[in-house]
Amino acid sequence: LLLGCVWSQQPTDPCQTLCRCLEATETVKCLDGNLTAVPTDLPPYVRSLLISGSRLSRLPAGAFPARRLPHLSALNLSHNHLRDVEAGSLASLPSLRQLDLSGNPLVSLSPLAFAEGGSPLEELALRGALRDQGVFLSLATMLQAGTLRNLSRLEMADNGLLLLPAGIFSSLPALRTLDLSNNSLVGLRNVSFQGLGQLQSLDLSGNSLGVLRNGTLAQFRSLPALRSISLGRNTWVCDCAIEDLVAWLKESDQVEGKEALTCAYPENMLGKALLKIDSSELDCSVPIDLPSQLQTSYVFLGIVLALIGAIFLLVLYLNRKGIKKWMHNIRDACRDHMEGYHYRYEINADPRLTNLSSNSDV
């Protein structure tokens, strides 16, 4: 009985109950749907850990015991019910190189989840895990702070992203693969790819891009290692603004499957291949560059206001005598009015005059 009690109090070996441990490949797979926390007694030899399909809802500080998993380099936590990744939750994994959080409904991602001095992480997968705007902004803060400056692969596909914050990739000098596919990106005007000298592959397919401006195209040309750009399944608007993109497509060998890129708008250009567009086919009757149009409107408004001001001053000058007489009349009227107030004040201030005034009124 005593031996039985002692045995029942000892920690349960996760390799026998919750996970499948393969020492030969230094891999542990935990596919138990009832798992609610990271097992605490994982074997120290593990280099690749997969926890998926569980009820793991939060990753607290100390989720991975310090110095217990010194060789863990690949951590896959995809497709759980993970909502919160708290500060310090990944700080005790000195060898972590690959992290997959895809398919989790994240609502909180602490910018301090990794060690203060930065992380050695090289690959980060967040496919379908950034649908909460607050989580996306936290990730942007983490990236801009240089916490993950060793990243060579970043996957942010399937997140419904509309716009990217300016400078989100400014502290990722080692980035080689960037996947932004299957989002809802409508433009890249404020996005800078400068400094991504190692970037080799950029996937922008399956978004809502209508045009790529000259500034963005110039950045693509300036990236020496960029060899693969995916632009398929976007809603290209074939008007005057598309000319720069068409010219770039014809001269560039960076775009994969560029022959299949077609117009989505306007109706008369629907389905036409971008590479076959001629400038004479584009409808340039209406200005399409909104900033230029607004600038022209402001200039015109300024000219109108200046003209109105000049006319007003001219009227004042031509009627200066009448205006001067009118000002004198107003001054005299105000002076008479103030003298009346002053007279009444003197009467009210002197009791004798007050009585005299009252008797005279009677």
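Predicted model: local features only at pLDDT ≥ 70, side-chain atom pairs only at ≥ 80, totals over all residues.
The largest pocket holds about 160 Å³ of space.

## The largest pocket

Which residues line the largest pocket? The lining is made up of V186, G187, L188 and R189, together with G210, V211, L212, R213 and T216.

## Aromatic pairs

Next come the aromatic rings. How many aromatic pairs does the structure hold? There are three. One of them joins F169 and F193: the ring centres are 6.1 Å apart and the planes meet at 20 degrees, so this pair is stacked, since planes under 30 degrees apart count that way. The pair links distant parts of the chain, 24 residues apart. F169 sits in the loop between β10 (153-155) and β11 (177-179), while F193 sits in the loop between β11 and β12 (201-203).

Are these two residues buried or exposed? F169 has a relative accessibility of 1% and counts as buried. F193, at 0% relative accessibility, counts as buried too.

F193 also pairs with F220. Here the ring centres are 5.5 Å apart and the planes are at 55 degrees, so the pair is tilted. F193 belongs to the loop between β11 and β12 and F220 to helix α4 (residues 214-222), so the pair ties together parts that are 27 residues apart in sequence. Both F193 and F220 are buried. Taking a step back, F169, F193, F220 and W248 form one aromatic cluster.

The two pairs described here can be set side by side:

| Pair | Distance between ring centres | Angle between planes | Arrangement |
|---|---|---|---|
| F169 and F193 | 6.1 Å | 20 degrees | stacked |
| F193 and F220 | 5.5 Å | 55 degrees | tilted |

## Strands side by side

Now for the strands, starting with β3 (residues 48-51). Its side chains alternate along the strand.

Strand β3 has parallel partners. Strand β2 (residues 27-30) runs parallel to β3, and four bridges join the two. Within this pairing, C30 has I51 in β3 as its bridge partner. Strand β5 (residues 74-76) also pairs with β3 in the parallel sense, over three bridges. There, N76 in β5 is the bridge partner of L50.

Another group of strands forms an open sheet. In what order do its three strands lie? The order is β4-β6-β8, with parallel pairing. At the edges are β4 (58-59) and β8, each of which pairs on one side only. Strand β6 (residues 84-85) and β8 are paired in the parallel sense over two bridges, and V85 stands opposite L109 in β8.

## A serine in a loop

The last stop is S102, found in the loop between β7 (98-100) and β8 (108-109). Its relative accessible area is 8%, so S102 is buried, the cut-off being under 20%. Which residues does S102 contact, leaving aside its neighbours within four places in sequence? They are S78, H79, A125, L126 and R127.

Terms used. Residues numbered from 1 in each chain as written. Heavy atoms only, no water. Phe/Tyr/Trp six-rings, centres within 6.5 Å; stacked < 30°, edge-to-face > 60°. Buried < 20%, exposed > 50% of the residue type's maximum accessible area, 1.4 Å probe, protein only. Contact = heavy atoms within 4.5 Å. Pairing = 2+ DSSP bridges. 1 Å grid on protein atoms, 1.4 Å probe; cavity = no way out; pocket = protein on both sides within 12 Å on 5 of 7 lines; lining within 4 Å. Points joined across faces, edges and corners; volume = space filled by probe spheres on them.
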